[in-house]
Amino acid sequence: MLPKHVAIIMDGNGRWAKKNGLSRNEGHKVGSEKLQNIIEYAQQKGIQYITVYAFSTENWNRPKAEVDGLMRLMQNYLDKHLERVKTENFKFKVIGERTKLGTKLIKKIAELEEITANKTGTYVTIAINYGSRDEIIRACRAMIADTSEKINLEKVITEENLCQYLDTREVPDPDLIIRTSGEVRLSNFLMWQAAYSEFYFTDCLWPDFDEAQFDKALLDYQNRKRRFGKSE
């Protein structure tokens, strides 16, 4: 059975660029083009949800020129999609803390989400200025703010209730999380949601991750047994 929800940590753009004698920002540009290919292929395969890690809360620590380039790239990516999505069947959602992204980018994100709100195809979630720890803290603060002091907190603060305050409340937890470039860690990505996800790590750098690589990850997933803590 194919996974319903695939999440991807798109890693290796910088190393791919260095390997090919290009700047890091050129590597990120190629990586963004690869993302579109994989999203379209995932829909062809029948994947209902796909979530990608585009920019983490820690990525602000990168050199300013690289950060500025990434912000421009995301702006351009959204600009292109605002026209394409009118005729395509994808639903887009951006998760993460938006206030640092700038007025223009925030406006584009809202516009993209509004245009695709009623689409029925693959649900694409893009994590921008996202960190799982930050998400959980924001969720807890919001839940407490909605809670009366007279209410029994043990009844209010439950796993089910907290999930309703997470950025990902509209989508199921990922069945499969893919990370490219040989790194073997989550890097503050979907840590709550990944409790029972299957993981697939590959040395392939993200710009080289093609349909065949995606199929390989899906096949690996299909050969696993998911028990969710139960015995066979």
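H3 and H4 pack at an angle of about 30 degrees, and their axes lie 10 Å apart. Because angles under 35 degrees count as roughly parallel, H3 and H4 are therefore described as roughly parallel to each other. The crossing of this pair is left-handed. On the H3 side the contact involves Met71, Met74, Gln75, Leu78, Asp79, His81 and Leu82, which meet Lys104, Leu105, Lys108, Ile109, Glu111, Leu112 and Ile115 of H4. By class, the contact of H3 with H4 comprises eight nonpolar, two polar and four charged residues. The structure described here is a predicted model.

## Helix H3

Helix H3 covers residues 64-84. At 1.5 Å a residue, its 21 residues should span 30 Å, and the end C-alpha atoms are 30 Å apart, which agrees. The buried residues of H3 are Glu66, Val67, Gly69, Leu70, Met71, Leu73, Met74, Gln75, Tyr77, Leu78, His81 and Leu82. These buried residues pack against H2, strand E2 (49-56), strand E3 (91-95), helix H4 (103-116) and strand E4 (123-130).

## Helix H2 and its partners

H2 packs with H3 at an angle of about 30 degrees, with the two axes 10 Å apart. H2 and H3 are therefore roughly parallel to each other, and their crossing is right-handed. From H2, the residues in this contact are Arg24, Asn25, His28, Lys29, Ser32, Leu35, Gln36, Ile39 and Glu40; from H3, they are Ala65, Glu66, Gly69, Leu70, Leu73, Tyr77, His81 and Arg84. The residues of the contact of H2 with H3 divide into six nonpolar, six polar and five charged.

Helix H2 (residues 24-45) also packs with helix H8 (residues 211-222), at an angle of about 50 degrees and with axes 10 Å apart. H2 and H8 are therefore oblique to each other. H2 passes H8 in a right-handed crossing. Asn37, Ile38, Tyr41, Ala42 and Lys45 of H2 make this contact with Glu211, Phe214, Asp215 and Leu218 of H8. The contact of H2 with H8 has five nonpolar, one polar and three charged residues.

| Helix pair | Angle | Axis separation |
|---|---|---|
| H3 and H4 | about 30 degrees | 10 Å |
| H2 and H3 | about 30 degrees | 10 Å |
| H2 and H8 | about 50 degrees | 10 Å |

Ala127 is located in strand E4. Its relative accessibility is 0%, so Ala127 counts as buried. When neighbours within four places in sequence are left aside, Ala127 is in contact with Val52, Tyr53, Ala54, Phe55, Ile95 and Phe189. Ala127 and Cys163 stand 36 residues apart along the chain, and their C-alpha atoms are separated by 17 Å.

Gln193 belongs to the loop between strand E5 (176-179) and strand E6 (198-201). With a relative accessible area of 3%, Gln193 is buried, because buried means under 20% relative accessible area. Apart from neighbours within four places in sequence, Gln193 is in contact with Tyr130, Glu135, Leu166, Thr168, Asp173 and Pro174.

Methods:
Residues numbered from 1 in each chain as written. Predicted model: local features only at pLDDT ≥ 70, side-chain atom pairs only at ≥ 80, totals over all residues. Heavy atoms only, no water. Axes fitted to C-alpha atoms, helices over the stretch in contact; angles between N-to-C directions. Helix = DSSP H or I, 4+ residues; strand = E, 2+ residues; numbered from the N terminus. Parallel < 35°, antiparallel > 145°, perpendicular 65-115°, else oblique. Left-handed = near helix turned anticlockwise from the far one by under 90°. Contact = heavy atoms within 4.5 Å. Nonpolar A, V, L, I, M, F, W, Y, C, P; charged D, E, K, R; others polar. Expected span 1.5 Å × (residues − 1). Buried < 20%, exposed > 50% of the residue type's maximum accessible area, 1.4 Å probe, protein only.
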